[in-house]
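Subject: Predicted model for you to look at

Hello,

Here is the model I said I would pass on. Please open it beside this note, which says what was found in it.

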Amino acid sequence: MTTMNISIKRTSPVNGASKMLKVVIDDSILSDMTVQNLLEYITCNVDPSLAYYCHSVCEHGVCKRCILKVNSKTVLACTTRVSSYSHLNIEPADVGDVVRDLVVCFKK
């Protein structure tokens, strides 16, 4: 069995403090997932308090609200395939203020 190490930067809305959520997931369930699918899986199976942007039109790369950083590169969670990586370090994008975890309030 092979696994993938995933680190997700969590930020508190109360005091802005950050910590890392570390998850190890079996590669067999990641085969055709996007980062968005992975975040949904983690929310349903590991930590239901994880905040990230998702809506019914995701996986089209249109609204760009699911923007975040994977391994220091800015990507769209809804179109970025997990299979492109050997490990994932996920953090909010540098496009505005972090509201909580991976949710960012865009600068105007």
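**What was found**

Asp 101 lies in the loop between β6 (96-100) and β7 (103-106); helices (H or I, at least four residues) and strands (E, at least two) are DSSP runs, numbered from the N terminus. Asp 101 is not a glycine, yet its phi is positive, near 50°. Its relative accessibility is 2%, so Asp 101 counts as buried (under 20% relative accessible area is buried, over 50% exposed, and anything in between partly exposed, with a 1.4 Å probe and protein chains only).

Some notes on reading the values. The model is predicted, so local features need pLDDT of at least 70 and side-chain atom pairs count only at pLDDT 80 or more, while totals for chains, interfaces and linings use all residues. Residues are numbered from 1 along each chain as its sequence is written, and side-chain values use heavy atoms, with hydrogens and water left out.

**The sheet**

Five strands make an open sheet in the order β2-β1-β5-β3-β4, and the pairing is mixed (two strands pair if DSSP finds at least two bridges between them). The edges are β2 (18-26) and β4 (73-76), each of which pairs on one side only. On average, neighbouring strands of this sheet are turned by 30° against each other, direction ignored (the axes are lines fitted to C-alpha atoms, and angles run from 0 to 180 degrees between N-to-C directions).

β1 (residues 3-11) and β2 run antiparallel and are joined by nine bridges. Ile 6 has Val 23 as its bridge partner in β2, and Ile 8 stands opposite Leu 21 in β2. The two strands form a hairpin with six residues between them, and Gly 16 in the turn has a positive phi of about 75°.

Lys 69 has Thr 74 as its bridge partner in β4. This hairpin has two residues between its strands, one of them in the turn being Asn 71, with a positive phi of about 50°. Asn 71 is not a glycine.

Which residues of α1 are buried? They are Val 35, Gln 36, Leu 38, Leu 39, Ile 42 and Thr 43. Seen down the axis of α1, these fall within an arc of 160°, so they line one face of the helix (the arc is that of the directions from the helix axis to the C-beta atoms). An α-helix has 3.6 residues a turn, so residues three or four places apart point the same way. Cys 44 and Asn 45, on the other side of α1, are exposed. The buried residues of α1 are covered by elements including β1, β2, β3 and β5.

Leaving out residues up to four places away in sequence, Leu 39 touches Ile 8, Leu 50, Tyr 52, Leu 68, Ile 90 and Leu 102 (contact means heavy atoms within 4.5 Å). The backbone oxygen of Leu 39 is 2.9 Å from a polar atom of the Thr 43 side chain. A polar contact is a pair of N or O atoms within 3.5 Å, and within protein one must be able to donate a hydrogen and the other to accept it; residues adjacent in sequence count only if both atoms are side-chain atoms. Thr 43 counts as buried, at 16% relative accessibility. Beyond its neighbours within four places in sequence, Thr 43 is in contact with Pro 48, Leu 50 and Tyr 52.

Cys 54 lies in the loop between α1 and β3. Cys 54 has a relative accessible area of 40%, so it is partly exposed. Cys 54 and Arg 65 are eleven residues apart in sequence, and their C-alpha atoms are 8.1 Å apart in space.

Regards
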